[in-house]
Amino acid sequence: WGPDAPATYMLRLLLASDVHDDTSAIEALRAWLSSHDLLGKLDAVLCPGDLTTAPAASLDAQEEARYEAAAQRVLDGLGSLAPRLVFSPGNHDPPRFFSGFGGGNSSASTSNAHARSLSLAPGLWLAGWGGSATATEEGVPVWPGWPLSEDENAAGYAQLQRALRGGGSAGASFDGPGPGDSLLLLPHCGPAGAGTTVVTAADPNNPSSPGMRRAPILSGSHHLSALLDSRLLQRQCVAVVHGHTHAGVGLSSLGRVPVINPGSLRFGRRFGLLTLRREPDQWQLESLHFHALDGVSPSHGSSAPTAASLALSPPVADAAAACGEWRPWLLAGGALCLAAPLALSRLASLLAWLSAGATGYSGVRAGNHVFYDPGGSETERRSGERPLVYSPSRA
């Protein structure tokens, strides 16, 4: 990048979080990217943490070395998917990843973003913060904040805010973003108040599992929410990308700031594709897709998926052809099965349209992934890929 850098620039980012040692899921993701002609065409991988499964407890030297080796295997796998990898350590990552501000497995192509700001592109900076906040259910702690205390989390976000205001950042390395720069936040734990940090599913690890909790688990950080409440962050922050809450996969917002949770690559086999666009003066979201690797079990110790397990849902016409000869009674049942999801889709669209004034987004549901389009236009996808489209509502 130099004085002749283009005024408009696209940055393509792969979002993969909460891998929890599952290198087979990374290989499945590699196959998916290759089958969609995306391997080698992404600018960077962003990982909001939980590379491994270290317990929320002090570790002896042997245990820490074992978890560091496991985390490094995940970093090696993710780093092979794009020229650059940026991660923030999670509450299940080795303690050394939190020491020395940005220490722990940083290299020329891999960057530990904890307590640091890094330049992603001209006028676009990324700031990270690792670890988790205390999660509660009906006011009772259920998941401990680890490894940093609430006071340490509050101090870290206060340092970031001071750095953005030009007041220095003693104790961290947040120097870099200027008043006119855009900022992408990469915390492990998302902000309190965002739907992506609320667990309503009976199984907090699997968003596809049926059932609801009697009371939701609130896993977000109030200190991060307070930071995003500032006029400065509302103006400069292009998005927050976080992990931690496996069942909170999706898109939310705090004020004008989109909050993105790509889900867990291990539990649910979820990941995201984010495209940012630079206009002459600022960066903004161009598109956002959430995907799932179909047919791959989210259980521990899953085997490497076959090519068939990576296929997206086929079009209805292909499914019908595969069924062979239809009988009249089966045609009637099939018509009813096809009509019911369409009716539900129309109802979902109406409800989303009616709620657009409150949420800032309108939507249409279908298929197995999500698409976010600030331009307000639905994008045609390849056969078999039917997106859920989010567009800012227009007055």
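Helix axes are lines fitted to C-alpha atoms over the stretch in contact, and angles run from 0 to 180 degrees between N-to-C directions. The structure is a predicted model, in which local features need pLDDT of at least 70, side-chain atom pairs count only at pLDDT 80 or more, and totals for chains, interfaces and linings use all residues. Residues are numbered from 1 along each chain as its sequence is written, and side-chain values use heavy atoms, with hydrogens and water left out.

The axes of helix 1 (residues 23-35) and helix 2 (residues 61-79) come within 10 Å and cross at roughly 0°; helices are DSSP runs of H or I with at least four residues, strands are runs of E with at least two, and both are numbered from the N terminus. The two helices are therefore roughly parallel to each other (angles under 35 degrees). Helix 1 contributes T23, I26 and R30 to the contact, and helix 2 contributes R73, V74, G77 and L78 (heavy atoms within 4.5 Å). These residues divide into three nonpolar, two polar and two charged (nonpolar: Ala, Val, Leu, Ile, Met, Phe, Trp, Tyr, Cys and Pro; charged: Asp, Glu, Lys and Arg; polar: the others, Gly among them).

Two cavities of 30 Å³ or more are present. A cavity is a set of points on a 1 Å grid over the protein atoms alone where a 1.4 Å probe fits but cannot get out, and lining residues have an atom within 4 Å of a point. Grid points are joined across faces, edges and corners, and a volume is the space filled by probe spheres set on the points. The largest cavity holds about 50 Å³, and its lining has five nonpolar, five polar and no charged residues.

Definitions and conventions: 1 Å grid on protein atoms, 1.4 Å probe; cavity = no way out; pocket = protein on both sides within 12 Å on 5 of 7 lines; lining within 4 Å. Parallel < 35°, antiparallel > 145°, perpendicular 65-115°, else oblique.
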